[in-house]
Amino acid sequence: CFQAETVGSSNMENDVSFKFRQQLFFISENLVNEDVAALKFLCTDLLHLRQLEGVKSAADIFKLLMAQEYLNAEDTFLLAELLYRIKCHFLLEKLGYTKEKVQEHLREKGRVSPYRQMLYELSENITNEMLNEIIFLLHLPKRWIILSALDLLTLLEKQGLLTKDNVQILENVCMKVSPDLLKTIDCYKKAKGEKFVLFNFLKFYAVTSFHHLMFGLLQSCQELGVLPSFCPTKMHKRRCVLLSSKQVGTPEDGIFLFQPKVGLKYMVLETMASYKMDGPHRGFCLIINNVNFISSQRKGSCKDAEQLERVFTWLGLDVRTYTDLTSVDIKNLMETWQHVQDHKDRNCFICCILSHGKSGAIYGTDEKLVSIRMLTSHFTAKQCPQLAAKPKLFFIQACQGDDIQRPVYVDTDGPTPDSSSVQERVSLYESIPEDADFLLGMATVDGCVAFRHIEEGAWYIQALCSKLQLLVPRGEDILTILTQVNEDVAKRDSPSGMKKQMPQPAYTLRRKFIFPIPMAPPPS
């Protein structure tokens with residue numbers, strides 16, 4: 001009897017272990033190279049650097065964490081925290097977590113230090129251009145191989161130039177390359193009880209022709225405790241000029257006006273530039289049209305694909321259409337186009353995906369999910385240098401939830417609902433890389449269905465094509481056009497009159513995106 005019980009217990013443990021390793025394998029397979037690099041960096045305080053240097057995949061990291069007893073089938077919180085930190089929230093459900101549940105337990109169970117969090121956040125906001133400037137300023141040895149901001153931070157730590165108690169080297173370079181980044185360092189230092197002073201920040205921004213004003217300005221700031229008010233964002237940088245109220249100047253984006261005994265006031269003179277769109281080749285436009293699935297068919301989708309092809313061809317793009325791709329096919333296609341050298345001679349890149357979907361992901365025809373973040377991450381400045389600083393637009397017609405029943409004549413772009421399952425939702429902004437020059441246009445807000453008429457096509461795609469043809473000839477930018485698309489779709493009703501839909505764009509564009517006005521009339 002005792003032996004049987006032991007064998008049964010052993011079998012149960014083996015089952016649990018196998019299921020746990022299956023979960024880890026699935027998570028590893030859904031993490032791209034950038035995610036693995038981020039995990040390595042966030043684990044630097046937990047694992048030896050020598051061990052991490054041999055890591056090739058997320059699975060390698062999981063093995064190291066299990067060996068050090070940081071991770072096991074009974075306690076997966078560290079992995080949940082790491083996925084949360086790198087914004088792969090769609091994978092949390094595999095561990096039985098949600099984003100909210102992780103946030104709730106971070107204070108008591110979190111293992112990633114504030115210092116490591118600060119460095120990682122900083123790296124996410126350093127563009128390739130900034131990285132090159134930082135490398136130049138630091139005059140680093142040529143033998144140092146630096147491919148990313150994380151590589152740079154790791155090397156600085158190895159050399160003892162950067163520690164949790166000394167981040168001066170980061171402050172110095174950020175002040176010169178992108179002062180916006182100082183906010184991240186400031187938050188970290190304040191959490192450690194240190195007061196951050198912007199003396200050098202103001203000094204850096206002084207115009208050289210006004211050196212005689214500097215002493216009085218900075219002294220007044222110190223005496224009065226008055227500092228300028230900034231409105232920085234990650235992707236929209238503003239350079240500022242210190243001017244005397246008696247001087248006349250022409251700043252590029254804004255000016256400081258100084259009045260003695262009053263302090264500094266910031267006046268924004270907004271001038272928004274546009275992306276370069278006047279090259280001989282506009283760019284490539286990919287259309288992925290998934291119609292025939294294992295258990296369903298997306299009727300009406302071919303009309304959407306045809307309309308998109310006509311409109312984007314009219315707008316000057318080289319359109320390539322792909323039909324019925326599995327999840328593996330979609331990943332391979334993105335990887336292929338990531339390495340196309342012809343991007344360097346083109347102004348932009350556009351990708352339209354018509355498929356079923358759920359929160360933060362789309363389905364291949366094999367009914368396996370592909371995360372939207374994985375798709376877009378192939379075209380970051382790091383992964384696709386030929387498209388660096390160029391706009392990358394993704395338009396996705398797919399459900400982001402499956403709770404609404406499909407009425408007659410109207411289909412939903414999601415699989416047959418399973419009322420027994422609770423869907424984990426992914427924020428739209430988690431689907432775009434934290435890199436500049438992306439726009440993600442979704443047919444619907446997170447958690448909701450996207451409607452498609454089985455004969456006339458999808459509400460969102462038809463509205464998008466219609467508004468592009470109407471508003472591009474008027475010189476409107478893409479965000480204005482998408483706002484009109486939102487209005488158009490919001491006015492539509494399902495046959496029952498009870499179902500509505502609201503599209504949602506997210507973007508990290510730094511400039512206006514305006515299609516050149518075609519010489520030919522709109523296709524329809």
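Colleague: What percentage of the 524 residues in the protein chain is buried?

Modeller: Buried residues make up 50% of them. Buried means under 20% relative accessible area, exposed over 50%, and partly exposed in between, with a 1.4 Å probe and protein chains only. Keep in mind that this is a predicted model: local features need pLDDT of at least 70, side-chain atom pairs count only at pLDDT 80 or more, and totals for chains, interfaces and linings use all residues. Residues are numbered from 1 along each chain as its sequence is written, and side-chain values use heavy atoms, with hydrogens and water left out.

Colleague: How many helices and strands does the protein chain have?

Modeller: There are 18 helices and 15 strands. Those are DSSP runs numbered from the N terminus: helices are H or I with at least four residues, strands are E with at least two.

Colleague: OK, which residues have the most contacts inside the largest nonpolar core?

Modeller: Leu31, Leu65, Leu83, Ile86 and Leu162, in a core of 69 residues. A nonpolar core here is a set of buried Ala, Val, Leu, Ile, Met, Phe, Trp, Tyr and Cys residues joined through side-chain atoms within 4.5 Å. Helix α5 (residues 77-85) gives the largest share of this core, seven residues.

Colleague: And what does Leu65 touch, leaving aside its neighbours within four places in sequence?

Modeller: Leu65 is in contact (heavy atoms within 4.5 Å) with Cys43, Leu47, Tyr70, Leu71, Leu78 and Leu82. Apart from this core lies another, of 38 residues, including Met277 and Tyr460.

Colleague: Switching to α9: why call it largely enclosed by the rest of the structure?

Modeller: Because seven of its ten residues are buried. They are Ala149, Leu150, Leu152, Leu153, Leu155, Leu156 and Glu157.

Colleague: What covers those buried residues of α9?

Modeller: The cover includes α2, α7 (114-124), α8 (128-138) and α10 (168-177). Just after α9, Gly160 takes a positive phi of about 75°.

Colleague: Then which residues of α2 are buried?

Modeller: In α2 (residues 33-42), Asp35, Val36, Ala38, Leu39, Phe41 and Leu42 are buried. Their cover includes α9 and α16 (372-377).
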